Amino acid sequence: MWGQLVRSLSPSSLIAPRCSTNNYLSKGVFFTSRVTMSLEEAKRCAAYKAVDEYVKDNTVVGVGSGSTVVYAVHRIAERVKAEGLKLICIPTSFQARQLIIEHGLILGDLECNPRLDCAIDGADEVDANMVLIKGGGGCLLQEKIVASCAERLVIIADYTKDSAKLGQQYRKGIPLEVAPMAYVPIKNRVELRFGGSLKLRMAVAKAGPVVTDNGNFILDWSFPDDKEYDWNAVNREIMMIPGVVDTGLFVDMATKAYFGQKDGTVTERSG
């Protein structure tokens with residue numbers, strides 16, 4: 001799936017020259033849908049603004065995963081070429097690694113670069129308190145590790161990811177990355193303690209479940225949305241269950257979020 005996304009979104013021919021709703025061509029496909037165009041333009045505008053404001057010369061940058069990050073990497077490559085920036089890019093997934101390589105950027109790792117100046121990543125949802133749901137693409141563990149090593153975590157997203165509370169717009173639940181042998185006990189314990197339902201995420205192009213870059217399974221927790229949560233406490237309690245590797249809850253981690261709007265403007269929120 002990510003290979004198709006990289007091939008369809010990363011070429012420079014995809015990027016429109018400015019934040020607008022003009023139609024454009026990508027790989028011979030002409031995009032005419034207003035909704036599709038406005039979402040892609042919104043992603044691009046948010047990504048470009050974040051890169052222009054946070055990526056500096058002689059720094060180490062974490063590169064997140066997902067469709068919006070494709071635009072961020074393209075902008076980073078543009079600035080490296082135009083301004084001669086010296087950067088080291090740390091990937092959060094196989095997809096991110098391929099983007100870095102394909103754009104001719106310097107690829108690094110946490111073993112040699114354990115401290116990052118900033119990480120730029122997407123999110124499935126951001127609430128009013130800057131709590132994030134991440135992991136819709138299955139990369140939550142590496143995303144959280146890289147984010148934890150960064151001085152600043154910068155989130156880029158379109159307007160559909162901006163919510164007053166978690167679950168308002170993103171209805172696929174909170175991902176939990178779990179050890180394969182423990183997925184049933186974890187499912188039962190979370191449902192008993194917090195309610196809702198957990199489903200093992202199934203693969204699309206293979207038989208059986210999704211297997212993460214780290215060899216784990218993912219449970220998607222559809223939590224009850226009729227009550228208020230202390231997400232920090234919920235995250236800590238779930239993390240104490242044996243077999244839980246990490247959760248898609250990012251609490252008190254994001255420095256700033258950029259949301260691209262339908263009209264090409266970008267709104268900001270600080271953590």
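Over the ring of which residue does the charged end of Lys-134 sit? The ring is that of Phe-250, and the charged end of Lys-134 lies 5.5 Å from its centre.

**The chain and the confidence of the model**

The chain has 271 residues, of which 52% are buried, and its secondary structure comes to seven helices and 15 strands. Among the contacts in the chain with a separation of 6 or more, 72% are between residues 24 or more positions apart. The accessible surface comes to about 12500 Å², and carbon and sulfur atoms account for 53% of this area.

The mean pLDDT of the chain is 89, with 86% of the residues at 70 or more. Where pLDDT is low, the predicted coordinates should not be read in detail.

**The sheet around Phe-250**

An open sheet of three strands has the order β6-β7-β13, and its pairing is antiparallel. The edge strands, which pair on one side only, are β6 (125–126) and β13 (249–250). Strand β7 (residues 132–133) is joined to β13 by two bridges, and the two run antiparallel. Within this pairing, Leu-132 has Phe-250 of β13 as its bridge partner, and Phe-250 is also the residue whose ring lies under the charged end of Lys-134. A second contact of this kind is found elsewhere in the chain, where the charged end of Arg-44 sits over the ring of Tyr-48, 5.1 Å from the ring centre.

The loop between β6 and β7 holds Met-130, a residue that is buried, with a relative accessible area of 3%. Most residues other than glycine have a negative phi, but the phi of Met-130 is positive, near 65°. Asn-58 likewise has a positive phi, near 60°, and lies in the loop between α2 (34–54) and β3 (59–63). At 56% relative accessibility, however, Asn-58 counts as exposed.

Strand β9 (residues 174–178) is mostly covered, with five of its five residues buried. In a regular strand the side chains alternate between the two faces of the sheet. From β9, Ile-174, Leu-176 and Val-178 point one way, whereas Pro-175 and Glu-177 point the other way, and all of them are buried.

β9 pairs with β11 through five bridges, in the antiparallel sense, and in this pairing Pro-175 stands opposite Asp-220. Three bridges join β9 to strand β12 (residues 244–247), again antiparallel, with Glu-177 opposite Asp-246.

Helix α6 contributes Ile-186 to this region, where Ile-186 touches Val-178, Leu-219, Ile-241, Pro-242, Gly-243 and Val-244, leaving aside residues up to four places away in sequence. Ile-186 has 0% relative accessibility and therefore counts as buried. Between Ile-186 and Ile-241, which are 55 residues apart along the chain, the C-alpha atoms are separated by 7.0 Å.

**Aromatic pairs**

The count of aromatic pairs comes to eight, and two of them are set out here.

| Pair | Centre to centre | Angle between planes | Arrangement |
|---|---|---|---|
| Phe-194 and Trp-221 | 5.6 Å | 50° | tilted |
| Phe-223 and Tyr-229 | 5.6 Å | 85° | edge-to-face |

Which parts of the chain does the pair of Phe-194 and Trp-221 tie together? Phe-194 lies in helix α6 (residues 183–194) and Trp-221 in strand β11 (residues 217–222), so the pair ties together parts that are 27 residues apart in sequence. Both Phe-194 and Trp-221 are buried.

Are Phe-223 and Tyr-229 buried or exposed? Phe-223 counts as buried because its relative accessibility is 12%, and Tyr-229, at 16%, counts as buried too.

Note on methods: Residues are numbered from 1 along each chain as its sequence is written. This is a predicted model: local features need pLDDT of at least 70, side-chain atom pairs count only at pLDDT 80 or more; totals for chains, interfaces and linings use all residues. Side-chain values use heavy atoms; hydrogens and water are left out. pLDDT is the predictor's confidence in each residue, from 0 to 100. Rings of Phe, Tyr and Trp (its six-membered ring) pair if their centres lie within 6.5 Å; planes under 30 degrees apart count as stacked, over 60 as edge-to-face and the rest as tilted. Helices (H or I, at least four residues) and strands (E, at least two) are DSSP runs, numbered from the N terminus. Buried means under 20% relative accessible area, exposed over 50%, partly exposed in between (1.4 Å probe, protein chains only). A charge sits over a ring if NZ of Lys or CZ of Arg is within 6 Å of the ring centre and within 35 degrees of the ring normal. Two strands pair if DSSP finds at least two bridges between them. Contact means heavy atoms within 4.5 Å. Accessible areas come from the Shrake-Rupley method with a 1.4 Å probe; for residues, only the protein chains shown count as cover.
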